[in-house]
Amino acid sequence: MDHGRPSTGRSGDVLRNGWRWARAWYALRGAEVPLASTPADVVFTQGPVRLLHYRPTAQRVFAVPLLLVPSLINRHYVLDLTPRRSLVRYLRDSGFDVWLVDWGTPGCADRFVTLGDHIDGYLRRCVDEVRAATGAVGLSLLGYCIGGVLTVIFTARYPRRVRNLVTLAAPIDFREAGLLGAWAAAPYFPVDQLVDTLGNPPGWLLQASFRALRPLTRLRNLVALWERADDPEQLLEFVALHRWVEDSVPVPGETYRQFVRDCYQRNLLAEGRLTVEGERVDLRRIRCPLLNVVATQDHICPLLSAMALNRLVGSRDLTLLTLPGGHVGAVVGREGTEVFWPRLRAWLRRRSGSRTRRVR
């Protein structure tokens, strides 16, 4: 037998495939992945919420700071996933002064935190902390998914604090919410009973609803894992995304109740009837430049639901960017890194003043 040649035939294929699955399984379960590796300082905390400031790499940054607002139901680090898939790092290295809201992990004490508390409390305090630290009158807000809904409501309530608004896969018109909207519709979805029983809906329950929208997702993930098994870098990036998806968090019960009832079941935001802290949210008060980013294959935030924002605001400087791909790919997939990131950088540069402000 010639031991210098690789194994051939069926037994050789089994051996090679076995090693390939072993590498993939080890990466999935045991490999160290550099998640959220961009250096940041915690500037402010309130309850479970933290305000992060990413340390600039340039001596001078654009005059208008940028605050990123992720979704409530997933961890913030999808915006800083790995060094190669980090929107935070990309924007920081492009000369922007980048800040981020980390919503943290709500506990039992946060059961009665409302939608208004998130907007008029946590988010308003974070915005004011950034303004105080930088001396900026207004800042750029980028909101992803539910974070986009929160930034839209905030901008309508406090238009002078926002210089530019970017929404990414943010549902607005919930009549166009697709299958998820059909499931959440009244009276079929007993949101009051769920919150009264569970308090804070757990992360695993929310993720189960998203998986049910596409039942073959786990099978597709196995195929993707297999395809990347021979490329260590791609394999680790896949594992990083998998861990982020599985690392879901609960949502404060009252916030969840209000969001499902007032948005999914009553569509109050798009119809101009939503109230926060007793005041009506009028989207026509949003007059700052708006970049609305939507994805054609987004099953969580359908295209028409997100696109509705452009016809509801009072802005004249309106840009609609339509990406191929889905809800998460718009942030960390190829369509995100190769299309969205450069377009976002160019859009913000034209609207963020000169690069003259010194880093404090």
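In this predicted model, the axes of helix α6 (residues 191-198) and helix α10 come within 9 Å and cross at roughly 175°. Because angles over 145 degrees count as roughly antiparallel, α6 is roughly antiparallel to α10. On the side of α6, the contact is made by V191, D192, L194, V195 and D196, which meet G253, E254, Y256, R257, V260 and Q265 in α10.

The structure holds 7 aromatic pairs. One of them joins F174 and F259 in an edge-to-face arrangement. This pair links distant parts of the chain: F174 lies in the loop between β7 (162-168) and α5 (178-184), whereas F259 belongs to helix α10 (residues 253-265), 85 residues apart. Another pair is formed by F259 and Y264, whose planes stand at 70°, so this pair is edge-to-face as well. The geometry of the two pairs is listed below.

| Aromatic pair | Centre to centre | Angle between planes |
|---|---|---|
| F174 and F259 | 5.8 Å | 90° |
| F259 and Y264 | 6.0 Å | 70° |

Together, F174, F259 and Y264 form one aromatic cluster. Are its residues buried or exposed? Both F174 and F259 are buried. Residues under 20% relative accessible area count as buried; F259 has a relative accessible area of 9% and is therefore buried, and Y264, with a relative accessible area of 15%, is buried too.

A further contact involves a charge and a ring. The charged end of R111 sits over the ring of F112, at 4.4 Å from the centre of that ring.

Definitions and conventions:
Residues numbered from 1 in each chain as written. Predicted model: local features only at pLDDT ≥ 70, side-chain atom pairs only at ≥ 80, totals over all residues. Heavy atoms only, no water. Phe/Tyr/Trp six-rings, centres within 6.5 Å; stacked < 30°, edge-to-face > 60°. Helix = DSSP H or I, 4+ residues; strand = E, 2+ residues; numbered from the N terminus. Buried < 20%, exposed > 50% of the residue type's maximum accessible area, 1.4 Å probe, protein only. Lys NZ or Arg CZ within 6 Å of the ring centre and 35° of its normal. Axes fitted to C-alpha atoms, helices over the stretch in contact; angles between N-to-C directions. Parallel < 35°, antiparallel > 145°, perpendicular 65-115°, else oblique. Contact = heavy atoms within 4.5 Å.
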